[in-house]
Amino acid sequence: MPARERQTFPLVPRRRPVGLPFGDLPSRRRGHGSDIIGTRPYEIGDAVSTIDWFASARLSAATGRDEFIVRDHAADEAPRVALVTDRRPAMGIYAPTLPWLSKPRTIVETTASIVASAVAARADVASLDYADADPYWLPPGRRDVPWLVAERQSAAGFGAPEDNVTQALAYLGRLRRDLPTGSFLFVLSDFLVPVAPDVWLDAIGHGWDVVPVVIQDPTWEQSFPDVAGVVVPLADPADGNVRLVRLFRHEVEDRRAANEARLRGLLEELTSLGVEPVLLGTSDPHEIDRTFVEWAEARRQTRWLR
């Protein structure tokens, strides 16, 4: 689905950004923007369009003099959006034609949703992955970068080391000029190789708006199917070798309980660190867009309550 047809979601920040002007997010700076942050007496040079005529009329009536009040606005800022993609071999399963979650297709469609939303917010986009074991960094700045990011997700392989997400977050920590405070950092992974809490805390400590996007098969990873007594072919994603496995009922139940507890523990840990993960178990673009829209709306409501 082309990016222009995607249902975009708003980039709702956890805090007001400080960045480049002419974006869609209200910042802590005063300037031209959509959010009113206060009023003050009129000064020579203020635009007539900023005058609050009702407040001015009330003040003039109370003082008996012509008084003018103008509205102060927060400048709208352009956030920066960066994607970190886990490209270890286990993220390369399965082909879209098979009846299981295609993680490569989910990565492509998730990237399309994020890129389309970033472009709608006039945000700079960047991406990082270790597909070939070395960091591949597309820095923000050029107009064609959003589309290069999307193309990269379709073209790159899955040869990254097991700890590539941890390596990527450490690498980005050295690029603070490219990713200032308030930048959105979407991390796409199944997180079956855990990221240590102190690594997340370091990323949060940089002032980034960290969003883990958890991509797991709803049947085989978020839970486990009833395959007791059935011979199941299992393939190693690293070398493609296939083994035939027969599981007893108690083994199936144990695996289901372990998978569900693992997912529950992951989401609880991320939430306890102050980040709001997005859980995906589909490669359908409409479902992915809907999930991100719901995530953004929940974040907006939570921020309003704060």
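Phe9 and Phe186 are both buried, a term that stands for under 20% relative accessible area, whereas exposed means over 50% and partly exposed lies in between, with a 1.4 Å probe and protein chains only. The model is a predicted one, in which local features need pLDDT of at least 70 and side-chain atom pairs count only at pLDDT 80 or more, while totals for chains, interfaces and linings use all residues. Residues are numbered from 1 along each chain as its sequence is written, and side-chain values use heavy atoms, with hydrogens and water left out.

A pair of aromatic rings is described by the distance of the centres and the angle of the planes. Rings of Phe, Tyr and Trp (its six-membered ring) pair if their centres lie within 6.5 Å, and planes under 30 degrees apart count as stacked, over 60 as edge-to-face and the rest as tilted. By this rule there are 12 aromatic pairs. One of them joins Phe9 and Phe186 edge-to-face, with 6.3 Å from centre to centre and 70° between the planes. This pair links distant parts of the chain, as Phe9 belongs to the segment before strand 1 (20–41) and Phe186 to strand 6 (residues 184–189), 177 residues apart; helices (H or I, at least four residues) and strands (E, at least two) are DSSP runs, numbered from the N terminus.

Phe9 also forms an edge-to-face pair with Trp295, at 6.1 Å centre to centre and 85° between the planes. Phe9 lies in the segment before strand 1 and Trp295 in helix 7 (residues 285–305), so this pair ties together parts that are 286 residues apart in sequence. Trp295 is buried, as is Phe9. Together with Phe184, Phe186 and Phe292, these two residues form one aromatic cluster.

Charges also sit over rings, which here requires NZ of Lys or CZ of Arg within 6 Å of the ring centre and within 35 degrees of the ring normal. Arg87 lies over the face of Phe158, 4.3 Å from the ring centre, and the charged end of Arg152 sits over the ring of Tyr136, 3.7 Å from its centre.

Turning to the helices, Phe54 lies in helix 1 (residues 53–63) and counts as exposed because its relative accessibility is 66%. In helix 4 (residues 164–172), by contrast, Asn164, Val165, Ala168, Leu169 and Leu172 are buried. These residues cover an arc of only 135° around the axis (taken from the directions from the helix axis to the C-beta atoms), which puts them on the same side of helix 4.
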